[in-house]
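Have the model open as you read.

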Amino acid sequence: MTMLALEIGPHGFAASRVAEDVGEDDIRRSPIPARAAWDACRDLLLEVAGGDEVTSVGIGSAGPIDMAAGVVAPSEIAEWRTGFGIVEAVQKLFPAAPIHLAFDGVCLALAERNFGGTQDVMDALSIMVSDRIGGGVMIGGFVMVGRTGNAGHIGHVLVPGFDDLCECGGRGCLEAVAGGAFTLKWARAQGWQGKSVDDLIEAAQAGDEIALAALSRAGTALGRAIASVAALLDLDRVIVGGPLARPGTALWKSLGAAVATHARLSFLTGLRVVPSELGEVGVLAGAGVLALSVQG
Ligand SMILES: [Zn+2]
């Protein structure tokens, strides 16, 4: 039995076999080329399959997706922005394999439930703060998928007190305030001159006031969104991961303060917001859970 997991974007493809002893060295990664994105994705899958008969494939993709149609339309992949039939394409490669596609936030929630920080609870939200912000929701132990497969898009929850223009066309979306790319943009607009999220975190740790303000701003927005969603869904735990959410920074301090300020209802007193321990493999691990779930 050869099961495969595939992660699509936003900045690259990753693929691996699904097995208990899979480590970082077993994961194959590829940047997304400007053209022929499918060719790069296909080559990665064939390399990982190694000529063996593939018995199932789980795919976690940056959203939005159309789960019923098997189509992904991540805005970061120019060629696929209007929709690419990933399930059909993968099916042609591995005709006998069942294929299960899910939004990357759903995969993240599956990975936290099976291997990470929500194994001991039933109601949780998992958030990934990369350049953009994704998430997945678990209620009663089940990860919510939604009508079209896009449940958990916390990046587009509105955050009171902010009106930053979002790429979705709205204003004040969490992603437009607290996503890594948008936080860097905000810091630069204030005069900061660094390049990356790592630079920003280092500068904040060295006491740079703009960097500190940028991380605090992102943390405040995250905390407000988390408090709202926790009240709506009666959550027990929220897991926050991703490069911008490295533990121990000003982001976490502001996030905690905002949650304490806004999550005041009695049923929220036990709410715990904690860093993810899955690192960068959450989505791929969740895609592995999908592959296992459709294994015949
Ligand atoms: Zn938006």
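A donor here is an N, O or S atom within 2.8 Å of the metal (3.2 Å for Na, K and Ca), and since water is not among the atoms, sites may look incomplete. With that in hand, the donor residues of the zinc ion are spaced H-x9-C-x1-C-x4-C in sequence. H156 and C173 both sit in the loop between β10 (142-143) and α4 (174-178), so this pair ties together parts that are 17 residues apart in sequence. Helices (H or I, at least four residues) and strands (E, at least two) are DSSP runs, numbered from the N terminus.

A word on the ground rules: this is a predicted model, where local features need pLDDT of at least 70, side-chain atom pairs count only at pLDDT 80 or more, and totals for chains, interfaces and linings use all residues. Residues are numbered from 1 along each chain as its sequence is written, and side-chain values use heavy atoms, with hydrogens and water left out.

Back to the zinc ion: its protein donors are H156 (ND1), C166 (SG), C168 (SG) and C173 (SG), at 2.0 to 2.3 Å. The angles among the four donor atoms run from 103 to 119°, which makes the site tetrahedral (four donors qualify if all angles lie between 85 and 135 degrees).

How accessible are some of the residues in this report? Buried means under 20% relative accessible area, exposed over 50%, and partly exposed in between, using a 1.4 Å probe and protein chains only.

| Residue | Relative accessibility | Class |
|---|---|---|
| H156 | 31% | partly exposed |
| C173 | 3% | buried |
| R237 | 8% | buried |
| C41 | 0% | buried |
| C107 | 0% | buried |

Now for R237, which lies in strand β11 (residues 237-241). Leaving aside neighbours within four places in sequence, R237 is in contact (heavy atoms within 4.5 Å) with several residues, including G117, D120, L271 and R272. Its side chain makes a polar contact of 2.7 Å with the side chain of D120. A polar atom of the R237 side chain also lies 2.9 Å from the backbone oxygen of G117. Polar contacts are pairs of N or O atoms within 3.5 Å; within protein, one must be able to donate a hydrogen and the other to accept it, and residues adjacent in sequence count only if both atoms are side-chain atoms.

What about disulfides, meaning pairs of cysteine sulfur atoms within 2.5 Å? A search of the whole structure finds zero. For C41, the closest cysteine sulfur is in C107, 14 Å away, so a bond is ruled out by distance.

Terms used: Disulfide = S-S within 2.5 Å. Tetrahedral: all angles 85-135°; square planar, octahedral: opposite > 155°, others 65-115°.
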